[in-house]
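Colleague: I would like to learn how to read surface and contact features in a model such as this one. Please take them one at a time, with the rule before the case.

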Amino acid sequence: MGHEHHGHDHNHVHTNNKKILFISFLIITLFMIVEVIGGYVTNSLALLSDAGHMLSDALSLFIALLAFKFGERAANRIKTYGYKRFEILAALLNGVLLIAISIYIFYEAIFRLIDPPEVASTGMLLISVIGLLVNIFVAWMMFKGSDTKNNLNMRGAFIHVLGDLLGSVGAIIAALLMMGFGWNLADPIASVLVALLIIRSGYGVTKSALNVLMEGAPSHINMHEITETIQSHPDIDEVHDLHIWSITSDLTALSCHAVVKADKTISECDVIIDEINHDLSHKSIQHATIQLETSNQHHDRSAICCMEHATH
């Protein structure tokens, strides 16, 4: 019953993620068109850079949707884990897009800092305020209705939207400074500050995605704690060849060799592995492969029994 309930919760979260992404994609795409037109008419780099970021948002949300769709495809003889890693590839692409857009904003801002152009600050302010409200709504919808904490794909899309929100705030401040003091440098400076925040976020998402693709240990997993969890079983003396990696954001895998205290039968092996996996399931390990050995067999690398147990 517990596994069925967990599966139901996972499917519910997965469905919510897709629904939120689709609604967000429509809203962001529509306002991006408004912001491109507004940035062109008002001659504001802050608006145009925010529109460029919104374009990457729209692309990232679309890619994230594709990732969830591909991730639903069943495992086969070639893709034994299915297509779940597509979500990580999407997150990596989103992170790289964020970095690339930030570099382009820096490039454009250099020329405007040298020779600040005239900007229609009133129109810029109006569009920026609308953009802020749109981004607050989308960010709130994502935060409340989807898994932005544990799913790297959703987190990447969410960070894109937060970057947009900050971009709108920067554009509003720049517009107010230009209206109040005629300080046209505020426009490129605001775009540079937003670009710094965007590149930091892009670096974080890219680093996390690369860690998954390089099969590094997930940041939320404590290797020492996992080793202690396995060794705390009364029939286990030692753990070695321990490997922990992520298949995707919500599927962490483990493999290891564990030395048992004395010779055990196959049925006793089953019980030991079931008990260890029960403990590991409370440590965010969803799929574990544990090979049991006796202390004598550990030295000649000969296994007493090898069992695979997966929890979903």
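Colleague: Which residues make the nonpolar surface patch?

Modeller: The rule comes before the case. Patches are made of residues with over 30% relative accessible area and no salt bridge; nonpolar side chains (Val, Leu, Ile, Met, Phe, Trp, Tyr) are joined within 5 Å, and like charges within 9 Å. Here L113, F181, W183, I189, L193 and L196 make a nonpolar patch of about 610 Å². Areas come from the Shrake-Rupley method with a 1.4 Å probe, and for residues only the protein chains shown count as cover.

Colleague: Which helix gives the largest share of the nonpolar patch?

Modeller: Helix α6, residues 186-213, supplies the largest share, three residues. Helices are DSSP runs of H or I with at least four residues, strands are runs of E with at least two, and both are numbered from the N terminus. L196 has its place in helix α6.

Colleague: What are the ground rules for the model itself?

Modeller: The model is predicted: local features need pLDDT of at least 70, side-chain atom pairs count only at pLDDT 80 or more, and totals for chains, interfaces and linings use all residues. Residues are numbered from 1 along each chain as its sequence is written, and side-chain values use heavy atoms, with hydrogens and water left out.

Colleague: Which residues form the negative surface patch?

Modeller: For charges, Lys and Arg count as positive and Asp and Glu as negative, while His and the chain ends are not counted. The place of a charge is taken as NZ of Lys, CZ of Arg, CG of Asp or CD of Glu. In this chain the negative patch is formed by D270, D274, E275 and D279. D274 is found in helix α8, residues 266-281. Its relative accessible area is 41%, so D274 is partly exposed.

Colleague: How many salt bridges are there?

Modeller: Side chains of opposite charge can pair when their charged atoms come close. A salt bridge is a side-chain nitrogen of Lys or Arg within 4 Å of a carboxyl oxygen of Asp or Glu. By this rule the count is two. In one of them, the side chains of D187 and R112 meet at 3.4 Å, N to O. D187 lies in helix α6 and R112 in helix α3 (residues 86-114), so the pair ties together parts that are 75 residues apart in sequence.

Colleague: Are D187 and R112 buried or exposed?

Modeller: D187 counts as buried, at 1% relative accessibility. R112 also counts as buried, at 14%.

Colleague: Which residues is D187 in contact with, leaving aside its neighbours within four places in sequence?

Modeller: Contact means heavy atoms within 4.5 Å. With those neighbours left aside, D187 touches S44, L45, A46, R112, V119, M124, A174 and M178.

Colleague: Where does K283 meet E225 in the chain?

Modeller: Their side chains form a salt bridge at 3.0 Å, N to O. This pair links distant parts of the chain, with K283 in the loop between α8 and β3 and E225 in helix α7 (residues 223-231), 58 residues apart. K283 is partly exposed at 28% relative accessible area, and E225 is partly exposed at 37%.

Colleague: Which residues other than glycine have a positive phi?

Modeller: D241 is one of them, with phi near 50°. D241 lies in strand β1, residues 236-248, and counts as partly exposed at 36% relative accessibility. S284 is another, with phi near 70°. S284 is found in the loop between α8 and β3 (287-294), and its relative accessible area of 31% makes S284 partly exposed.

Colleague: How is the chain as a whole put together, and how many helices and strands does it have?

Modeller: The chain has nine helices and four strands. Along the sequence they follow the pattern α-α-α-α-α-α-α-β-β-α-β-α-β. Of the 312 residues, 46% count as buried. Among contacts with a separation of 6 or more, 71% are between residues 24 or more positions apart. The accessible surface comes to about 15,800 Å², and 65% of that belongs to carbon and sulfur atoms.

Definitions and conventions. Buried < 20%, exposed > 50% of the residue type's maximum accessible area, 1.4 Å probe, protein only.
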